Amino acid sequence: LPEGLSIQPIEVSKIALQLDKDNKHGNRMSNVLRDIVKHRGVTGLYIGYFGVQYRQTSWTCAYFASLQAFTEQSKAILPEVSRHAKFD
């Protein structure tokens, strides 16, 4: 939860910069943040919060669910000698 609260304004401003075709904000995140707060208030920085959390949760679950399988397959492909090789 604290991570989402600190990252969300960055995500919102990043998306706004990506959609800024007319370069209204001069490609500056600080200008975007100022504009959002001016027009939408501080809560405007948290628009889409649940969508971002859903994306992050889905990615994290998929990553950790596949980590064990990837590790096992890597061990099968790589020779056992490489794990004990000395790199002097």
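1. Basis. In this predicted model, local features need pLDDT of at least 70 and side-chain atom pairs count only at pLDDT 80 or more, while totals for chains, interfaces and linings use all residues. Residues are numbered from 1 along each chain as its sequence is written, and side-chain values use heavy atoms, with hydrogens and water left out.

2. Helix α2. Residues 29-40 form α2, a helix of 12 residues (helices are DSSP runs of H or I, at least four residues, numbered from the N terminus). From first C-alpha to last, α2 reaches 16 Å, close to the 16 Å expected at 1.5 Å a residue (1.5 Å times one less than the number of residues). Gly41 follows α2 and has a positive phi, near 85°.

3. α1 against α2. Helix α1 (residues 2-19) packs on α2 at about 105°, with the axes 9 Å apart (axes are lines fitted to C-alpha atoms over the stretch in contact, and angles run from 0 to 180 degrees between N-to-C directions). The two are therefore roughly perpendicular (65 to 115 degrees). Pro9, Ile10, Val12, Ser13, Ala16 and Leu17 of α1 meet Met29, Val32, Leu33 and Ile36 of α2 (heavy atoms within 4.5 Å). This contact has 9 nonpolar residues, 1 polar and no charged (Ala, Val, Leu, Ile, Met, Phe, Trp, Tyr, Cys and Pro are nonpolar; Asp, Glu, Lys and Arg charged; the others, Gly among them, polar).

4. α1 against α3. Helix α3 (residues 49-77) packs with α1 at about 110°, the axes 10 Å apart. That makes α1 roughly perpendicular to α3. Gly4, Leu5, Gln8 and Glu11 in α1 meet Tyr49, Val52, Gln53 and Arg55 in α3. By class, this contact has 3 nonpolar, 3 polar and 2 charged residues.

Technical notes. Angles under 35 degrees count as roughly parallel, over 145 as roughly antiparallel, 65 to 115 as roughly perpendicular and the rest as oblique.
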